[in-house]
Amino acid sequence: MKQYLKIALRNSTRQKKRSLLLGGAIAFGFLIITLLNSFTGGLLVTIQNNFSNAFGGHIYITGKEVNERNKEVSVMNNSAVLLESIDALRMDIASISKRSQTSGNLIFGTRQYRQKIEGVLLSEEKEFSTAFAVTAGTIDDLSKENAVMLSTETVQLLNLQIGETVLYKTTTTTGQQNVGEFILVAVFADQSGFGLTSGYTNLESLNKIIGLPAGSYQTVNIFLKDMASIDAKTELLYEKLKTKAIVESRETEKDETEDTHRMAANMMRMMGVQTIREVPPEESWEKTKFTIATLNDYTDQIMSLVEVLNVIGFIIFIVLMIITMVGIMNSFRMVMIERTQEIGAMRAMGVQKNNIRNIFIFEALIIALLGAAAGLFFSVTISGILGLVNFGTDSFISFFLDKGYLSLVIPVGEIFRNIITVSFLSLAAVLLPARAAAKLKPVVALQTNY
Amino acid sequence: MKHFFITATILLLITTSLVASPNFQKMLEDIDRQSNFDNKDFSSQVTMIHEDPEEGIDKTVLRQFRRDRDDMFVILLQSPEVKKGQGYLRAEENLWFYDPESRKFSHSSMKENFQGSEAKNSDFRMWTYSKDYTVESWADGKLGNFDVWILDLKATHNEVTYPYKKFWITKNENLLLKTEDYSLNKRLMRTSLFLSYTKSGDTYIPNKIIFIDELIKGKKTQITFEDISTMPIPNSVFTKAYIERVSR
């Protein structure tokens, strides 16, 4: 077998141009599909990370209550039952954050900038101070009254310096206008982009501005240790909480529009937009109604699109490979004709039919695998170069980037799948010429002269 | 005898103060009534000139249709070209914004600023000051050549946009000349100047208003109402279908 493998290797280098063209076609197809898989694989991770950074977790629990004027306001007063339910997941939780948030306008001089500000319970979020790349000031000062930490982009837009006071115009939980004053104590490098970067203050300072009592918060966000367990853990939390409090159903509404509205309203609450809705008496409730949302709820559609992109990419790859395989089949027919006398001589010297066939199959496999290896090499090189290009964090595509850089993941599983596909197709393409070569009668083959 | 004099003096003081103090609640009701068109429809051409120290000056022209008895209004933007076809519909306690690009209606709020100006969406509907505010204190004074009452108002509930307001009201016709709007922590946010009024039947309509942003120096919006009409407006105008049709 080793001997025939050597012959196949030697044969593949006899017609260098032809082998190069066939291998090149395979390399090109492999390069495209690997790049696409790298891109979509990186995209999935980047989108999930950007979303979880922007919203501060993998599972998001918001609360809403009906006030004395039958208006729905975003607040969570009886959070004890929620915390009890969350305790059941404690082994799977990496961190919990209890926050309030609002969306408003930062005003400095004649400049203003729309910004979501989150109030952080710093005494409980020990890891908060290490989660940011602080570029100016100190994050430790954030516990001071009216202290704020903003992103570099926001600070540049407003032309702010550390220690300066900036106005913040926003609305209370019931929709009244209010104006707060913040002192800039720290600046951090943008992380999520796409306008989802928040500013941060301590919980008490923000509560004062949005009219929440001291110690209250509007959302509880959970970072899980394993992102893959989001759906299972959310279901567990939902079932547990349902026995103790009113929880909005997680089942998809029959009416698609209703479902979209519900998700949009929840996202608005998570974005700090104080949504106030009149609640008809028949829909009213007492105490806090909880809503549980997950990272997957908001990224599922994007994920599906990415999956579709992968499938389309694979189909294009298969079509490309089939075209290449037609080329391989024709080339090996030519090879068979060119080497008829040689095959006759080998057969006369006692080489069996199977081995003649194997030499052809090995040769095709060598060309295909070398082509795939070349495609893989070029795709990894191009990915490496693209990964070094900074596309910036201030454009629409920034949400699909990891801090301005394309995240390209080497798709090991897909690479193996593609290698197997290429090998299988090469085998199928070469099988007919190989069998035809094996069937040649030694006497006839030796007499043949093209 | 001594007690009699003390009691009489107290009674006299109370009576004097009651006589001197006008009925401010009624004054607010008058202001609401004067600006509302309970039994009529109202339409006008509105020109908004918005000045922003960072973005410069821009002009927006729109057509407004109001039916106060049902708390409904329709606003159709006519210029600039980029905003042409956009519209607002206030109906059944909801405010809808129509975008002709996407051909979709999205939910909006009366508390939001209108088209990035200093005017709020709620500035285009009837006033309800008598329901939403009570008079906390008052003084009399002068504003330009006008003798005015200066009222400090406090919201009766926590859902109005501005929790505190200050009104300058003419003494003879109860016309609002100036308002100041304050935040929950009593910071001055906006000043509105009602520069002129036009009379239609029993109703006074402010036809030139300036809204001044007190947080950003130099930011203001001037609104002028022209072609004012109180002729009946067809019911079909206050519908989404109408906005879609005229926006094509």
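Predicted model: local features only at pLDDT ≥ 70, side-chain atom pairs only at ≥ 80, totals over all residues.

## Helix packing in chain A

The crossing in which helix 1 of chain A passes helix 10 of chain A is right-handed. On the side of helix 1 of chain A, the residues that meet helix 10 are Tyr4(A), Leu5(A), Ile7(A), Ala8(A), Leu9(A), Asn11(A) and Ser12(A), and their partners in helix 10 of chain A are Asn355(A), Asn358(A), Ile359(A), Phe362(A), Glu363(A), Ile366(A) and Ile367(A). By class, the residues of this contact between helix 1 and helix 10 of chain A comprise 9 nonpolar, 4 polar and 1 charged.

Helix 10 of chain A also packs against helix 2 of chain A, at an angle of about 45° and with the axes 7 Å apart, which makes helix 2 of chain A oblique to helix 10 of chain A. Here too the crossing is right-handed, and the contact of helix 2 with helix 10 of chain A has 15 nonpolar and 10 polar residues, with no charged ones.

A further partner of helix 2 of chain A is helix 8 (residues 295-338) of chain A, where the axes come within 10 Å and cross at roughly 175°; helix 2 of chain A is therefore roughly antiparallel to helix 8 of chain A. The contact of helix 2 with helix 8 of chain A contains 21 nonpolar, 11 polar and 1 charged residues. The table sets out the geometry of these helix pairs.

| Helix pair | Axis distance | Angle |
|---|---|---|
| Helix 2 and helix 10 of chain A | 7 Å | about 45° |
| Helix 2 and helix 8 of chain A | within 10 Å | roughly 175° |

## Nonpolar cores

The largest nonpolar core has 59 residues, of which Ile26(A), Ala364(A) and Ala437(A) touch the most other members. Helix 2 (residues 16-55) of chain A supplies the largest share of this core, 15 residues. Apart from this core lies another of 49 residues, and among its members are Phe108(A), Ala186(A), Trp168(B) and Leu176(B). In soluble globular proteins, nonpolar side chains tend to be buried together. Leaving out residues up to four places away in sequence, Ala364(A) touches Ile328(A), Phe332(A), Ser426(A), Ala429(A) and Val430(A).

## Contact between the chains

Between the two chains, 19 residues of chain A are in contact with 20 residues of chain B. On the side of chain A that touches chain B, the elements giving two or more residues are strand 4 (111-120), strand 7 (165-171) and strand 8 (177-188) of chain A. The residues on that side of chain A divide into 4 nonpolar, 10 polar and 5 charged.

## A loop residue of chain A

Lys225(A) lies in the loop between strand 10 (219-224) and helix 6 (230-242) of chain A. Lys225(A) is exposed, because 12 other C-beta atoms lie within 10 Å and a residue with 12 or fewer is classed in that way. Beyond its neighbours within four places in sequence, Lys225(A) is in contact with Asp92(A) and Ala94(A). From Lys225(A) to Thr294(A) the separation is 69 residues in sequence and 14 Å in space, C-alpha to C-alpha.

## Chain B and its backbone

The secondary structure of chain B consists of 4 helices and 13 strands, and its C-alpha atoms fill a box of roughly 85 × 40 × 35 Å along the principal axes. Of the 248 residues in chain B, 29% are buried. Among contacts in chain B between residues at least 6 apart in sequence, 41% join residues at least 24 apart.

Most residues other than glycine have a negative phi, and most peptide bonds are trans. The peptide bond from Ser79(B) to Pro80(B) is cis, with omega near 5°, and Pro80(B) is in the loop between strand 3 (72-79) and strand 4 (87-91) of chain B. Asp71(B), which is not a glycine, has a positive phi of about 50°; Asp71(B) is placed in the loop between strand 2 (56-67) and strand 3 of chain B, and with 14 other C-beta atoms within 10 Å it is partly exposed. Arg103(B), likewise not a glycine, has a positive phi of about 55° and is placed in the loop between strand 5 (94-99) and strand 6 (104-108) of chain B. Arg103(B) counts as exposed, with 11 C-beta neighbours inside 10 Å.

Conventions
Residues numbered from 1 in each chain as written. Chains lettered and ligands numbered in written order. Core = buried A, V, L, I, M, F, W, Y, C linked by C-beta atoms within 7 Å. Buried ≥ 20, exposed ≤ 12 C-beta atoms within 10 Å, placed from the backbone. Contact = placed C-beta atoms within 7 Å. Nonpolar A, V, L, I, M, F, W, Y, C, P; charged D, E, K, R; others polar. Left-handed = near helix turned anticlockwise from the far one by under 90°. Axes fitted to C-alpha atoms, helices over the stretch in contact; angles between N-to-C directions. Parallel < 35°, antiparallel > 145°, perpendicular 65-115°, else oblique.
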